[in-house]
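Hello,

Here is the structure I promised to pass on. Please open it next to this email, and I will walk you through what turned up.

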Amino acid sequence: MKERLMSGNEAVAIGAIKAGCRFFAGYPITPSTDLAERMSKLLPEVGGAFIQMEDELGSIGAIIGASLTGSKAMTATSGPGFSLMQEGIGFASFSEIPIVVVDVQRVGPSTGIPTYPSQGDIMQARWGTHGSHPIIALYPSSVKESYDLIFTAFNFSEKYRVPVIFISDEVIGHMREKITVDDSHVVFERKKPEVPKEDYLPFDSRYEVPPLANFGEGYRFHVTGLTHDETGFPTSDPVKAERLMERLQRKILNHLDEIFLYETFLVEDADILIVSYGVVARSAKEAILELREKGLKVGLFRPITIWPSSEKVLKDLASNRRVFVFEMNLGQYVHEVERIVKKKVEFYGKENGEIISPEEIESCILKSL
Amino acid sequence: MYTEISLDNLRVKKLPHIWCAGCGNGIVLSAILRAIERSKIDKDKIVFVSGIGCAGRSSGYVNFNTLHTLHGRPLAFATGIKLANPDLQVIVATGDGDLAAIGGNHFIHAAKRNIDLSVIVFNNFVYGMTGGQLSPTTPEDSFTTTTPYGHIEEPMNISYLAIAAGATYVARETIGNPLMLEKYILNGLLHKGFSLIEAVSSCVTEFGRRNNLGDPAEYVKFLKDKSIPFSKVNSVESHDGIVVGEFVNIEKPEFVTSYYELVKKVAK
Ligand SMILES: Cc1ncc(C[n+]2csc(CCOP(=O)(O)OP(=O)(O)O)c2C)c(N)n1
């Protein structure tokens with residue numbers, strides 16, 4: 001086990017390789033570029049493939065293609081590139097192709113402030129595509145967690161045949177912390193079909209997550225972004241469409257016990273619950289310690305799995321507590337919190353390039369008393 | 001020489017296809033299937049990738065590993081497939097809009113990389129699937145649903161663009177000469193590098209009807225009569241008609257091969 005000083009982006013790259021990633025396609029964009037650069041160095045060393053594509057539409061297409069051959073595949077981008085990738089993410093969601101998309105958030109909208117952090121893509125990660133489908137989005141708040149969580153991202157993606165959005169931000173991506181690069185993580189391998197080739201149904205509804213054959217192994221199946229039946233061929237039969245849509249929901253939402261990851265900090269005796277995630281959760285912890293010095297009982301709920309959310313976990317934590325949401329946007333995750341807790345939620349947010357500091361959180365809570 | 005299409009190459013149960021009566025796409029697809037038969041490529045190793053449009057629907061009817069992607073993106077998906085598994089033979093079926101409008105950037109860059117993909121573009125001068133709008137290859141003065149007063153631009157020459165971008169095999173033929181079309185597709189399949197076969201097809205319903213080419217047989221005859229052999233003009237472009245022939249057939253380092261040679265050097 002080696003202790004090393006590294007950035008969050010570097011930790012994602014190193015973790016991805018250890019999680020089995022063997023294909024990366026990307027297009028440079030700050031603050032994700034150094035992740036691509038790192039992959040261009042690491043992948044050839046392990047016999048994997050790296051390609052700089054002509055744009056993000058190409059990048060997302062290439063990783064989906066690679067995944068269909070059985071390769072664990074990833075891309076990394078930021079705001080404008082993440083917007084361009086949405087159609088491809090929708091394709092991979094609907095045709096159930098495992099991929100990992102890293103979005104290192106920067107200030108938006110549009111070109112925004114490329115070198116400063118934000119949390120403005122929270123809703124885009126959930127609702128950026130057209131049509132209805134669940135998605136998994138994970139968000140670390142430290143370099144070590146970036147390393148650990150990229151394993152989870154690949155494992156969830158392969159296990160549930162779903163794109164996983166690995167959300168990060170300019171601070172988490174670029175700050176350096178000392179971490180242990182360990183080999184203790186369990187790596188999940190994609191389930192392959194065991195039936196005779198003629199009987200293979202790539203979208204078999206008897207499974208929640210049907211096994212996925214690799215292209216080139218003799219199964220000769222069809223993949224389309226059109227609404228399809230169990231064989232994979234297009235259908236416009238509402239009954240079959242319904243069956244597919246229902247299974248896509250179920251395969252994720254029935255497994256919240258495994259998928260929904262979160263951290264709580266000093267919540268046991270808390271009267272006030274702060275909800276924040278990613279880099280802002282770090283400020284929140286500082287603020288909580290300060291506020292406790294002043295005699296206020298404040299605790300933190302930090303979702304690590306941003307999507308899907310667990311209504312049960314949040315409801316329980318919010319009951320009998322005042323709830324504050326802090327995020328680096330003008331109100332995104334707060335809508336999810338309000339939807340779930342069904343009571344007044346206090347909100348503080350900004351997307352101007354500055355981090356929300358511990359002092360801001362502290363004074364916001366003190367002022368509201 | 002006439003090659004039979006092996007029924008094992010077709011998903012017979014998926015027929016009839018969605019193409020209109022009189023559509024030229026069947027001629028292109030049968031040329032592709034005959035060429036595949038003649039190439040003796042292992043069918044399990046063929047990945048047939050298509051985009052969105054009438055041409056894009058071809059992937060549903062052929063019995064290989066098939067991938068019906070997004071509008072404009074078949075080359076992006078195909079690039080990922082070929083680079084991730086170089087043992088696969090990747091064939092791309094695309095439309096003129098799919099390849100040269102919305103997918104134009106991927107087209108240029110895939111050709112520039114000289115990645116080993118065999119691309120067959122079904123060029124019918126129009127957006128067939130969406131009901132007959134202007135495409136990059138719509139001839140000047142012709143009528144489409146979005147050029148009701150006639151088209152004011154010169155058409156794009158897809159083969160010319162492929163050559164300029166770096167494709168190492170480029171040929172054009174019309175459905176008026178299916179045997180030559182088959183031959184060029186076969187050459188493309190056997191060529192190591194980026195090959196582009198421009199198959200000039202017909203769209204009676206959406207293009208022909210509005211441009212005095214409403215009769216399917218007349219349409220094919222028109223394409224045949226308009227054909228000018230490359231050997232005659234020695235140019236990919238002519239204002240007098242459609243230049244047909246094998247334009248480029250050269251060897252250059254292929255992207256995926258070069259990539260894995262590099263990997264061999266740096267792999268630990
Ligand atoms: C992103 C996107 N934009 C637009 C469309 C609508 N659309 C579907 S097919 C098509 C054009 C097809 O024309 P072409 O590629 O020439 O193929 P053809 O149908 O003529 O074979 C368009 C615009 C789409 N499916 N996706």
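Below are my notes on the contact between the chains and on the ligand site.

Before you start, please keep in mind that this is a predicted model, so every value here is computed from predicted atoms.

**Where the chains meet**

Chain B brings 39 residues to the contact, and chain A brings 38. Together the two chains bury about 3,200 Å², with 60% of that area on carbon and sulfur atoms.

Which parts of chain B touch chain A? The elements that give two or more residues are strand E2 (65–68), helix H2 (74–84), helix H4 (104–113) and helix H9 (255–266) of chain B. Of these, H2(B) gives the most, with seven residues. Sorted by class, the side of chain B that touches chain A has 16 nonpolar, 13 polar and 10 charged residues.

The count of salt bridges between chain B and chain A is three. One of them links B:Asp44 with A:Arg220, where the closest N and O atoms are 2.8 Å apart.

Strands pair across the contact as well. Strand E9 (residues 222–224) of chain A runs parallel to E2(B), and three bridges join them. If you want a place to look, A:Thr224 stands opposite B:His68 in E2(B).

**The ligand site**

Which chains surround the ligand? Residues from both A and B do, so the site is shared between chains. There are 17 residues around the ligand, and those that come nearest are B:Cys54, B:Ala55, B:Gly97, B:Asp98 and B:Gly128.

- B:Gly128 has a backbone N or O atom 2.8 Å from a ligand oxygen atom.
- B:Gly97 places a backbone N or O atom 2.9 Å from an oxygen atom of the ligand.
- B:Asn124 uses its side chain, with an N or O atom 3.0 Å from a ligand oxygen atom.

Happy browsing, and do write back with any questions.

Best wishes

Methods: Residues are numbered from 1 along each chain as its sequence is written. Chains are lettered from A and ligands numbered from 1 in the order in which they are written. This is a predicted model: local features need pLDDT of at least 70, side-chain atom pairs count only at pLDDT 80 or more; totals for chains, interfaces and linings use all residues. Side-chain values use heavy atoms; hydrogens and water are left out. Contact means heavy atoms within 4.5 Å. Buried area is the accessible area (1.4 Å probe) that two parts lose on being put together, summed over both. A salt bridge is a side-chain nitrogen of Lys or Arg within 4 Å of a carboxyl oxygen of Asp or Glu. Helices (H or I, at least four residues) and strands (E, at least two) are DSSP runs, numbered from the N terminus. Ala, Val, Leu, Ile, Met, Phe, Trp, Tyr, Cys and Pro count as nonpolar, Asp, Glu, Lys and Arg as charged, and the others, Gly among them, as polar. Two strands pair if DSSP finds at least two bridges between them. A residue is near a molecule or strand if one of its heavy atoms lies within 4 Å of it. A polar contact is a pair of N or O atoms within 3.5 Å; within protein, one must be able to donate a hydrogen and the other to accept it, and residues adjacent in sequence count only if both atoms are side-chain atoms.
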